[in-house]
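Visitor: Please take me through one part of this structure in detail. I would like to look at a single strand and then at what surrounds that strand.

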Amino acid sequence: MSKTMIVAKREFLEFVQTKTFVIATLLGPLLIVGFIAMEVFILTRAGGGEYTLAVIDQTEQRIGQQFLAALPSAANAMAMGKPTAYQSTLIEQPANLQAAIDSLEQRVQVDSLHGYLVIPPGILTGEEAKYYGSNATSQSVTSTLRGALQNTVQSTRLQAEGIDPSKVGAALAPVRLAAEKTGSKGVRGSAEGGQMIGLFMAFAMYLVVLLYGAAIMNGVLEEKRDKIVEVIVSSLRARELMVGKVLGIASAGVLQMLVWVCTVGLVLAYASSIATILNLSPEKAQAFAQVSNMLPEVPLSVGII
């Protein structure tokens, strides 16, 4: 056995026997699985609940009623998990606008109302509607209100021009397009899955360089700190020592990464079985399985390269 391999073996065994390596190797997969489980939990638990909403309609066309009718479908379209239920109150053309706003503002302050929407009289000609509420920072709430209001205003404009909104909606229905990655190496799968793998690999490379680069540096400094580097260099060349340390610590890093990758692969491959074992609800099980279905099929040869 060459001197380089002797150093590599010694560094490998020394590194894998440390408590840090063992703990990181065991807890790493748990952390990755925990991130996946948290994503599924957020996906299935997002949204839901009941929101109280007041609408002040100042338009002559009385589009407030149409807006409230379009609100449930907009909430279902925006919901990633459970759709939000809106309990709405409509105030049409108030005699005193400021008094109505002040009353609703007081209700928001005492938490008896989540928010109120003011639809101006010139909404059809581009005047801006305004929403005030304690949940105004919620992207799902504001997007739902914006989508319902936009559909209502567009339908009203089309009807004013004598155009059937349903026919226009059918003509402008979005065209579905599925992008699938393919190439000479035989990698096939969704483009979104390819992006996920690319981001994961970039993060993995950053993590490897950060952790094991520091480990190699500490390994080189060890002999210098203990003042035995002169003795070691007297029996082998500095190049052999450096190459051996890099190979040994890098091999330990590859072993740790293999454990993590195999664990994640097994979790994704048996996602449905794991969902059954954990007794997840059908919604959570479906969302958990969708994560694995998004990933492309990568041959082993491509993964090694």
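Guide: Start with strand β3, residues 115-119. In this predicted model, 5 of the 5 residues of β3 are buried, so the strand is largely enclosed by the rest of the structure. Look at the directions of the side chains. G115, L117 and I119 point one way from β3. Y116 and V118 point the other way. Residues on both sides are buried.

Next, find the partners of β3. On one hand there is β1, which pairs with β3 in the parallel sense over 5 bridges. Within β3, V118 stands opposite I56. On the other hand there is β4, residues 130-133, which runs antiparallel to β3 and is joined to it by 4 bridges. Two positions show this pairing. G115 stands opposite G133 in β4. Y116 has Y132 as its bridge partner in β4.

Now step back to the sheet. It is an open sheet of 4 strands, in the order β2-β1-β3-β4, and its pairing is mixed. The edges belong to β2 (85-92) and β4. Each of these has a single partner strand, so one side of each is left without a neighbour in the sheet. Neighbouring strands are turned against each other by 20° on average, direction ignored. A helix also packs on this sheet: α4, residues 97-109. It touches β1, β2, β3 and β4. The direction of α4 makes about 160° with that of β3.

Move across to β1, residues 50-57, and pick out L53. Its relative accessible area is 2%. Buried means under 20%, so L53 is buried. Leaving aside neighbours within four places in sequence, L53 is in contact with G115, Y116 and L117, among others. Its contacts also include Y86, Q87, S88 and T89. Take S88 in particular. L53 and S88 are 35 residues apart along the chain, yet their C-alpha atoms are separated by 4.7 Å. Other contacts of L53 include F67, L71, Y131 and L145.

Several of those names return in the cores. In soluble globular proteins, nonpolar side chains tend to be buried together. Here the largest nonpolar core has 18 residues. L53, F67, L71, I119 and L145 touch the most other members. The elements that give two or more residues to this core are β1, α3 (63-78), β3 and α5. Of these, α3 gives the most, with 6 residues. I119 is among the residues that touch the most other members of the largest core.

Follow L145 next. Not counting residues up to four places away in sequence, L145 touches L53, F67, L71 and Y131. L145 is one of the buried residues of α5. That helix has 22 residues. From its first C-alpha to its last it reaches 31 Å, close to the 32 Å expected at 1.5 Å a residue. Its buried residues also include V141, A148, L149 and V153.

One more residue of α5 deserves a stop. T156 sits in this helix, which covers residues 139-160. At 8% relative accessibility, T156 counts as buried. Beyond its neighbours within four places in sequence, T156 is in contact with Q61, I63, Q66 and L124. Just after α5 comes G162, with a positive phi of about 75°.

Most residues other than glycine have a negative phi. R62 has a positive one, near 55°. It lies in the loop between β1 and α3. At 35% relative accessibility, R62 counts as partly exposed. Q93 has a positive phi too, near 40°. Its place is in the loop between β2 and α4. With a relative accessible area of 36%, Q93 is partly exposed.

Methods. Residues numbered from 1 in each chain as written. Predicted model: local features only at pLDDT ≥ 70, side-chain atom pairs only at ≥ 80, totals over all residues. Heavy atoms only, no water. Buried < 20%, exposed > 50% of the residue type's maximum accessible area, 1.4 Å probe, protein only. Contact = heavy atoms within 4.5 Å. Pairing = 2+ DSSP bridges. Expected span 1.5 Å × (residues − 1). Core = buried A, V, L, I, M, F, W, Y, C linked by side-chain atoms within 4.5 Å. Axes fitted to C-alpha atoms, helices over the stretch in contact; angles between N-to-C directions.
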